[in-house]
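Please keep the model open while you read the points below.

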Amino acid sequence: MSKIAYYLQEHLVGEVTDNLEVRRYFSTDGSILQMVPTTVAYPKNEDDVRKTARFSWQLAERGKILPLTARGGGSNTSGAAIGGGIMLIFPAHMNQVLAFDPKQQTVTLEPGISYQNLQQMLQSHGWFLPPCPPSLAYSTLGGGVASNYLGQKSLKYGATGHYVKQLRVVLSNGEVIEVGPLNKRQLSHKMGLTNFEGQIYRQLDKLIEESSEILAAAAKQVKSPRSVSGYNLHDIKDRGSFNLAPLLVGSQGSLGIITEATLSIAPYPEPAELVLISLDDINELKEILPKILDLRPSVFDFINKAAMDTVTSINLSQLAGVLARPEAAIHLFIEFDDFKEADQKKAVKKLGKIVDKAGAWAEVFDPENDHDKFWKIRQSVSTILTGTKGQSRAVPVAEDISVPLEKFVDFLSRAEEVYSELDLNAAAWGQAGDGMVRMRPMLNLAELGDRQKLFNIAGKLYAAVIEMGGSITASAGDGRVRAPYIQKQYGEDFYNLMLKVKKIFDPYGLLNPGVKTASLKDVKSLLRDEYKSSHYEHLAGS
Ligand SMILES: Cc1cc2nc3c(=O)[nH]c(=O)nc-3n(C[C@H](O)[C@H](O)[C@H](O)COP(=O)(O)OP(=O)(O)OC[C@H]3O[C@@H](n4cnc5c(N)ncnc54)[C@H](O)[C@@H]3O)c2cc1C
């Protein structure tokens, strides 16, 4: 055992290892990058996390940088759940429900709890946490909060950040803080503290005061419905309150390590009305998209023809007999989950009129009997995520983008051009109601030509997104993969502001370094030469 692993094992209750096989296992996440950690630790409690951070800080004071990466299920696709130093694996022990308060509609959790365990517990009492990954069994609450997870019903319920009320966070020097909304008096108390926490509040308050023009300019830059790109500096000061939680949510473990989270929950809706709409011409979507949104659906997803064709090319029989219009240009998946059945029926009726007027085709699925058929079509995309074509696999690059809704169809057309210039199938799917598009080209990362295609696609699609006023990162965080494009999106001033925020929280650069700041050169040097999705091969849907 290395000296570091030995020292940590002596001081932590949880297990520590530097076994090469274990380190290799944790060297990849759901992204195209790879970094082998030096040490893997499974914290048993907050004190283990605090001691590890303190240890790393003390080494840094003596000139040795040993970074820390927090990790949940490792399903992150932006290269943020990997690191070259100590990896803290939360699902092993810190996975409990600490409090459940139906009266206050809150739940307090350890970060390593899986969404599956959480939702099962909540649903048995008639509640749920609306933003929830398809990879229930696998993704953790900590990973979801740190990524500001969106979820399939985000259109109606919003992202994880809307639900976070309070966090306990270990800072880079090992101090533990609680964050949540502070009034003026509470803020002035925090700013008077002589420790690292006090310093953070003082410096951040001053920085935000001085940067109002930069923040206003950055806010104008992104007009799409969804964005988790950069650091959220806009919501720290809100109607007289000062709150670090919105900043830490979505910071991907680069500003602090979450050891406890209190979230609000919502009443669990009954099975919902589901409608599949198929359009022969993608341009028809321009007209009906805003009309459908007016009906306030809870889900408004899409899959294009190229994606359906890719599914069928991988598994010939998968969609046979379930997809009535395989030749349609685009399929839309609409769900209404209003509590009153009559309201759901009313919405479906209005939707029918919109569809008829547009000359499109629609099928209503009965919530009691037809759910499986609907979701079989909707989740057929998982075949693309896990399928292979020779040595090629669908790799996550330039996905999770969001564009303003009026640009949605134009973006799909632009993406199709980019893909066909490279002789690739432009399979696309995502959340149309959120302007969100996901695309994964089938590439073999061992081939130099395919690696070049990957960066070619990223460069062109991100340029198009930025030009259209969209966001390069609508979900899953910027990570390292999208970091090189943040400055292009927000401009140099905002990017420098982000670097200052990072310095305030993490002066030695110990917490997930490179996440949100990696250069293109860094990304190229970390690229895997084989993309395997073994960490989440069992996922259904996206
Ligand atoms: C098929 C597929 C679909 C996906 N769809 C979406 C989607 O729609 N929206 C979306 O947002 N993501 C999506 N993802 C990405 C990912 O699954 C989610 O972001 C998920 O919430 C990550 O959870 P995890 O436990 O796997 O976190 P990890 O991958 O382990 O970590 C994610 C990030 O959180 C940080 N982190 C983890 N725990 C902590 C902690 N305790 N304190 C501080 N930081 C921490 C990590 O350092 C990392 O930066 C998808 C992934 C796949 C493979």
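1. An open sheet holds 5 strands in the order β5-β6-β12-β8-β9, and the pairing is antiparallel. Strands here are DSSP runs of E with at least two residues, helices are runs of H or I with at least four residues, and both are numbered from the N terminus. Two strands pair if DSSP finds at least two bridges between them. β5 (97-101) and β9 (176-179) are the edges; each has a single partner strand, so one side of each lacks a neighbour in the sheet. From one strand to the next, the twist averages 10°.

2. This is a predicted model: local features need pLDDT of at least 70, side-chain atom pairs count only at pLDDT 80 or more, and totals for chains, interfaces and linings use all residues. Residues are numbered from 1 along each chain as its sequence is written.

3. Strand β8 (residues 164-170) runs antiparallel to β9, joined by 4 bridges. Val 170 stands opposite Val 176 in β9. Helix α3 (residues 46-61) packs on the sheet and touches β8, β9 and β12. The direction of α3 makes about 50° with that of β8. Touching means contact: C-beta atoms, placed from the backbone, within 7 Å. Angles run from 0 to 180 degrees between N-to-C directions, and axes are lines fitted to C-alpha atoms, for helices over the stretch in contact.

4. Next, a pair of helices. α11 (residues 284-294) and α13 (residues 341-358) pack at about 165°, with axes 11 Å apart. They are therefore roughly antiparallel (an angle over 145 degrees). From α11, the contact uses Glu 284, Glu 287, Ile 288, Lys 291 and Ile 292; from α13, Leu 351, Ile 354 and Ala 358. By class, that contact has 5 nonpolar, no polar and 3 charged residues. Ala, Val, Leu, Ile, Met, Phe, Trp, Tyr, Cys and Pro count as nonpolar, Asp, Glu, Lys and Arg as charged, and the others, Gly among them, as polar.

5. One more open sheet has 3 strands, ordered β18-β19-β23, with antiparallel pairing. Its edge strands are β18 (388-389) and β23 (442-443). Lys 389 has Ser 392 in β19 as its bridge partner.

How values were computed:
Parallel < 35°, antiparallel > 145°, perpendicular 65-115°, else oblique. Contact = placed C-beta atoms within 7 Å.
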